[in-house]
Amino acid sequence: MSSETSDLVVRLATVEDVSRLEQLVELSIRQLAAGYYDDRQIESSLQHLYGVDTQLVRDGTYYVVECQRQVVGCGGWSRRLTPFGGDNVGAIRDAGLRTPGQDPAVIRAFFVHPDWTRRGLGRKILETCEKAAQQAGYDRFELTATLMGRALYAACGYREIRPVDITLRDGQVLPHVLMEKP
Ligand SMILES: CC(C)(COP(=O)(O)OP(=O)(O)OC[C@H]1O[C@@H](n2cnc3c(N)ncnc32)[C@H](O)[C@@H]1OP(=O)(O)O)[C@@H](O)C(=O)NCCC(=O)NCCS
């Protein structure tokens, strides 16, 4: 895969992207979560937690980063109440809306290809999301970070509110961190 960051394009995701994005999520988690979560947590999280939230794709708030038509990163923001997770996450999904100017928008589901980490993709998607959410009237942001994701958000001005243990449907527990940017 090319390594030229000058070739990167950020665009809105479409429903046609979803299967490729699911593959990217799996690759990103399998390689980048090792050392932060154990094998059982990783397998369980791919079944019950991480994945594409197609509501965001339909809302026009989910982005892909491409390099020469290869999808190398994705991430989005949301005006919905669902705090985290893909379509697979189950009961916590709530399509209710957050009120601009009152509630924070949520930063959601960032995944970068393992060959493309530490080249500014995460930061680039985050800046794109914050700008779009601000244009939609939101002036605060929050997110539930993975243990491997928290350094990105800290580097981009987010502060940690509290640890959050996410219990999956099979009983696996994955530590995360609730973060916010005023
Ligand atoms: C978290 C993730 C999205 C970061 O993406 P990325 O493109 O590598 O991040 P960036 O290159 O934009 O990093 C920007 C800054 O964040 C910080 N940062 C990012 N990843 C870091 C890491 N693994 N360790 C330490 N600092 C890190 C650094 O300050 C970095 O700047 P620098 O490279 O100049 O030092 C990526 O590692 C990933 O996909 N992880 C697996 C999925 C995941 O956990 N997603 C988060 C969901 S909340």
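## Core, sheet and ligand shell

Of the 35 residues in the largest nonpolar core, the ones touching the most other members are Ala13, Cys74, Ile107, Ile125 and Leu143. A nonpolar core here is a set of buried Ala, Val, Leu, Ile, Met, Phe, Trp, Tyr and Cys residues joined through C-beta atoms within 7 Å; buried means 20 or more other C-beta atoms within 10 Å of the residue's own, with C-beta atoms placed from the backbone. Keep in mind that this is a predicted model: local features need pLDDT of at least 70, side-chain atom pairs count only at pLDDT 80 or more, and totals for chains, interfaces and linings use all residues. Residue numbers start from 1 along each chain as its sequence is written.

- β4 gives the largest share of the main core, seven residues.
- Leu143 is in contact with Val106, Ile107, Tyr153 and Met179, leaving aside neighbours within four places in sequence (contact: C-beta atoms, placed from the backbone, within 7 Å).
- There's also a second, separate core of six residues, with Ile29, Ala33, Ile166 and Leu174 among them.

**The sheet**
- Seven strands make an open, mixed sheet, ordered β1-β2-β3-β4-β5-β7-β6. Strands (E, at least two residues) and helices (H or I, at least four) are DSSP runs numbered from the N terminus, and two strands pair if DSSP finds at least two bridges between them.
- β1 (8–12) and β6 (159–167) sit at the edges with a single partner strand each, so one side of each has no neighbour in the sheet.
- β3 (70–78) and β4 (105–112) pair antiparallel over five bridges, and Gly73 stands opposite Val112 in β4.
- β5 and β7 (173–181) are antiparallel too, again over five bridges; here Leu143 stands opposite Met179 in β7.
- β6 and β7 run antiparallel with eight bridges, and Val164 has His176 in β7 as its bridge partner.
- Five residues separate β6 from β7 in their hairpin, and Gly171 in the turn has a positive phi of about 95°.

**Around the ligand**
- The ligand is surrounded by 20 residues, the closest being Gly122, Arg123, Gly149, Ala151 and Ala155 (a residue is near if its C-beta atom, placed from the backbone, lies within 6 Å).
- Elements giving two or more residues to this shell are α1 (18–32), β4, α4 and α5 (150–155).
- By class, the shell has 11 nonpolar, six polar and three charged residues. Ala, Val, Leu, Ile, Met, Phe, Trp, Tyr, Cys and Pro count as nonpolar, Asp, Glu, Lys and Arg as charged, and the others, Gly among them, as polar.

Conventions. A residue is buried if 20 or more other C-beta atoms lie within 10 Å of its own, exposed if 12 or fewer, and partly exposed in between; C-beta atoms are placed from the backbone. Two residues are in contact if their C-beta atoms, placed from the backbone, lie within 7 Å.
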